[in-house]
Amino acid sequence: MTKKLPAVLKGPALWPAQAHVPTVLGRQLVVERGEGCYLHTSDGRRLFDGTAGLWHANIGHAHHALAEAARSQMLKLETYHIFGRFVNDQALSLAERLADLSPIPDSKVILNSGGSDAVDVACKLARRHWQREGRLSKTFILSREHAYHGLHAYGTSIAGLEFNREGYGTDSLVPETARVSVDDAEALEATIAELGADKIAAIVSEPIQGTGGVNPPAPGYLETLQRLCRENDILFILDEVITGFGRTGTMFAAQRYGLRPDLVTFAKGVTSGYAPLGGVLVSPKVWQPFYLDDPATPIFRHGATYAGHATSCAVAHANLDVLESDNLLARVVELEQLLEHELKQLATRRFSVCDVRVAGLLGGVALIDSVSAVAVTDALVDLGFVSRPLRGNTVQISPPFITTDSQLTAFINAIDHVLTEQEDK
């Protein structure tokens, strides 16, 4: 008897990202307009953007200053590459500004198109650094359990979320990667000893894990990680794609936690998502050997067509201007206090909440197994609020920095309302 195969669904030509296709087709929300903290869909909904898109819409949607910056730059020069002798003025000036903001003193800036690009470049640079040093065995890149570092080949390979690494025929697309404990410093030290520090090029860590469930660092863990890197000649790469440019109340989370990494990846908040842009901040010990005045000085083969894109850099300048002029980092500190208070109150009211986590304007509500975060976030849309389900059955809270107290409180109240209904089922 021939087994009957399921019907092939058609749907639109656009293949949805990070989606189980059969469960999203016919249910997709078409966003056609944004305004401040709100999104407007083609079916007439007005939704509070409780996730700031994918953690990026820090200054809100449809800001005129950024639109005008893009328009003005495009009429002057849309872009020109930064390969070899060529460079455009916007890339030059933005790099100087970013170096001044960097948590790494005297850093150089590699620009590219986004966070996954940045992670890929940082991991390659870490390996290139040790090869140039003649320490040929130092090739392993370590990352933490539950980590998310984008979905390019290197980001996929170092993912601490197993479902992002499965199905490609090997445990790691790029060989020589391994995971370490998410918060156990003794286990971290044991892993380094077992693998051998002479084999490890770098350890990559988000200061606060985002997609992994909004996991702030355990007290002292990042400091220990940094110390072990220093003691064992391992480069410390801090992935600030989510946390960079104010999400934690400081320009970078490295400053909040008193860290001095060797490399910092950034993206999202540098333009608040108004244009694709990302990059890597590089410490002197890594960049200086590539700047020696000597014919034998090596080349680091990085670069992409849109690296240092002039319009994206102009938009980044405008975004940084808004962060400064509107004092939005201080506003994040205020919103963090309100968010922490509201989530603690929520946890006391709802037995379905097993944990709440807050760091800056990053919040997570972890739910008991019998209450689905997917169902909760679907129900929130019907109430006019956007959230996302994350690892660990966690509901994401990370709205724009321009969120008002009443908007944030309304968002938490909506979560409370949905949880009440879910608990009664």
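**Labels and their grounds**

Reply: Start with A52, which lies in helix α2. Keep in mind that this is a predicted model.

Me: Why is A52 called buried?

Reply: The cut-off for buried is under 20% relative accessible area. A52 has 0% relative accessibility, so A52 counts as buried.

Me: Which value does phi of E176 take?

Reply: Phi of E176 is near 65°, again positive in a residue other than glycine. E176 sits in the loop between α6 and β6 (177-180).

Me: Why is E176 called partly exposed?

Reply: Buried needs under 20%, and exposed needs over 50%. The relative accessible area of E176 is 30%, so E176 is partly exposed.

Me: And A153, how do you know whether it is buried, partly exposed or exposed?

Reply: Use the limits of under 20% and over 50% again. A153 has a relative accessible area of 39%, so A153 is partly exposed. A153 is found in helix α6 (residues 153-157). Leaving aside neighbours within four places in sequence, A153 is in contact with D120, L173 and V174.

Me: How far is A153 from E334, in sequence and in space?

Reply: They are 181 residues apart in sequence, and 38 Å apart C-alpha to C-alpha.

Me: What makes Q209 count as buried?

Reply: Its relative accessibility is 1%, and buried means under 20%, so Q209 counts as buried. Q209 is placed in the loop between β7 (200-205) and α8 (221-231). Not counting residues up to four places away, Q209 touches R144, E145, H146, A147, V182, V214 and N215.

Me: Now the helices. How is the packing of α4 and α11 described?

Reply: By two values, an angle and a distance between axes. Helix α4 (residues 89-101) and helix α11 (residues 310-325) pack at about 40°, with their axes 8 Å apart.

Me: Why is the crossing of α4 and α11 called left-handed?

Reply: Left-handed means that the near helix is turned anticlockwise from the far one by less than a right angle. α4 passes α11 in a left-handed crossing, and the angle is about 40°.

Me: What makes the contact of α4 with α11?

Reply: From α4 come Q90, A91, S93, L94, R97, L98 and L101. From α11 come A310, C313, A314, A316, H317, L320, D321 and E324. Together they divide into nine nonpolar, three polar and three charged.

Me: What lines the second largest pocket?

Reply: The pocket has a volume of about 950 Å³. It is lined by 30 residues, and I82, V109, I110, Y291 and H302 are the closest to its centre. Two or more residues each come from α4, β4 (108-112) and α10 (284-287). The largest share, five residues, comes from α4.

Me: How does that lining divide by residue type?

Reply: Into 21 nonpolar, four polar and five charged.

Conventions: Residues are numbered from 1 along each chain as its sequence is written. This is a predicted model: local features need pLDDT of at least 70, side-chain atom pairs count only at pLDDT 80 or more; totals for chains, interfaces and linings use all residues. Side-chain values use heavy atoms; hydrogens and water are left out. Axes are lines fitted to C-alpha atoms, for helices over the stretch in contact, and angles run from 0 to 180 degrees between N-to-C directions. Helices (H or I, at least four residues) and strands (E, at least two) are DSSP runs, numbered from the N terminus. Contact means heavy atoms within 4.5 Å. Ala, Val, Leu, Ile, Met, Phe, Trp, Tyr, Cys and Pro count as nonpolar, Asp, Glu, Lys and Arg as charged, and the others, Gly among them, as polar. On a 1 Å grid over the protein atoms alone, a cavity is a set of points where a 1.4 Å probe fits but cannot get out, and a pocket is an open set with protein on both sides within 12 Å along at least five of seven lines; lining residues have an atom within 4 Å of a point. Grid points are joined across faces, edges and corners, and a volume is the space filled by probe spheres set on the points. Buried means under 20% relative accessible area, exposed over 50%, partly exposed in between (1.4 Å probe, protein chains only).
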